[in-house]
Amino acid sequence: MARKKRGIPIHGWLNIDKPAGMSSAQVVGAVKRITNAQKAGHAGTLDPFATGILPIALGEATKTVGYIVSDVKNYQFTARWGQATNTDDIEGHVGDQSDIRPSSQIIENTIPNFLGTISQRPPAFSAIKIDGKRAYKLAREGVEVEIPERDVEIHALTLVRLIDPDHAVFDVCCGKGTYIRSLARDLAIKMGTVAHLTELRRTRVGPFLENDAISLDKLEKLWQCPAEFEALLPITTALDDIPAVAITETQAIRFRHGNDVATPNLADGIVCAMDGNNPIGIAKVDEERLFPIRVFNI
């Protein structure tokens, strides 16, 4: 006998403005408590000290998380020159120090070195797995970890302002897997100094924008009348860049049972199968046949 799921079935996305001091997992837990949703997950981890956009998928929307994680992200961050920490952020212990404070002109001249595809080494305190164990756990145990470099994409990097000689604010638009802590660290090293992050805010994750985000406090207040709640976004929010394909009712029945269906004249690729106005799953078109990848049970 199948175990009954706790909570209620809710399907869609919430654009949460994560507060500082909470882990991404804690935010997911808070959303589940507020909404009583059966299932929830987040798209793209934010460090506990960071704030900003944390898309939360509820119910069948969790099957689309992978399409958000790969999307372009925007951040604003503050770098503190002259002090390195073991975590590359404000939560770590200060290590190497430098008297060098780069001017705005030096920063502007250095930025082009960090545009396009660059090689980056993730911080020792990160969720990267080393021999099956999280790097941050090894680092906390005093184990020196050697994390391999990897290529990431920096679409734009802009100096917003110098707060004072010690602090500079930047905007960055980047691709999947970019560590902003590493970006600030490497930018400083290129200018002959050291740095760590004192602030980090994510302002965009694909279609999820800062202006549309809601706080946990606001979510809790609004959710008191769930029937009138307007901040729950549809499952297809994560699939904005994926073509929608309408199929017949008979085909939809076959699709929901995991069977492929004929789709004449469709180009090969990933699509969202639609039964009328209702998304029923993510599929792959191959040689004019539609093969289910993830079926939405709604």
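1. A word on terms before we start: a residue is called buried at under 20% relative accessible area, exposed at over 50%, and partly exposed in between (1.4 Å probe, protein chains only). Helices (H or I, at least four residues) and strands (E, at least two) are DSSP runs, numbered from the N terminus.

2. Please keep in mind that this is a predicted model, in which local features need pLDDT of at least 70 and side-chain atom pairs count only at pLDDT 80 or more, while totals for chains, interfaces and linings use all residues. Residues are numbered from 1 along each chain as its sequence is written, and side-chain values use heavy atoms, with hydrogens and water left out.

3. Now the overall picture. The protein has seven helices and 18 strands, and its C-alpha trace spans about 70 × 45 × 40 Å along the principal axes. Of its 298 residues, 46% are buried. Taking contacts (heavy atoms within 4.5 Å) between residues at least 6 apart in sequence, 69% join residues at least 24 apart.

4. Strand S4 (residues 73–81) deserves a look. Seven of its nine residues are buried, so S4 is largely enclosed by the rest of the structure. Strands count as paired if DSSP finds at least two bridges between them. S4 pairs with strand S11 (residues 167–174) in the antiparallel sense over eight bridges, with Thr-78 bridged to Val-169 of S11. S4 also runs antiparallel to strand S12 (residues 195–205), joined by nine bridges; here Arg-80 has His-196 as its partner.

5. Next, the open sheet towards the end of the numbering. Five strands lie in the order S14-S16-S17-S18-S15, with mixed pairing. Its edges are S14 (244–246) and S15 (261–262), each of which pairs on one side only. Inside the sheet, S16 (residues 269–275) and S17 (residues 278–286) run antiparallel and share seven bridges, and Ala-273 stands opposite Gly-281 in S17.

6. Helix H7 (residues 249–256) lies across S15, S16, S17 and S18 (289–295), at about 80 degrees to S17. For that angle, axes are lines fitted to C-alpha atoms, for helices over the stretch in contact, and angles run from 0 to 180 degrees between N-to-C directions.

7. Finally, where does Thr-64 lie? Thr-64 sits in the loop between strand S3 (51–58) and helix H2 (65–69), and is buried, with a relative accessible area of 0%. Leaving aside neighbours within four places in sequence, Thr-64 is in contact with Trp-13, Ile-235, Ala-238, Leu-239, Ile-282 and Phe-296.
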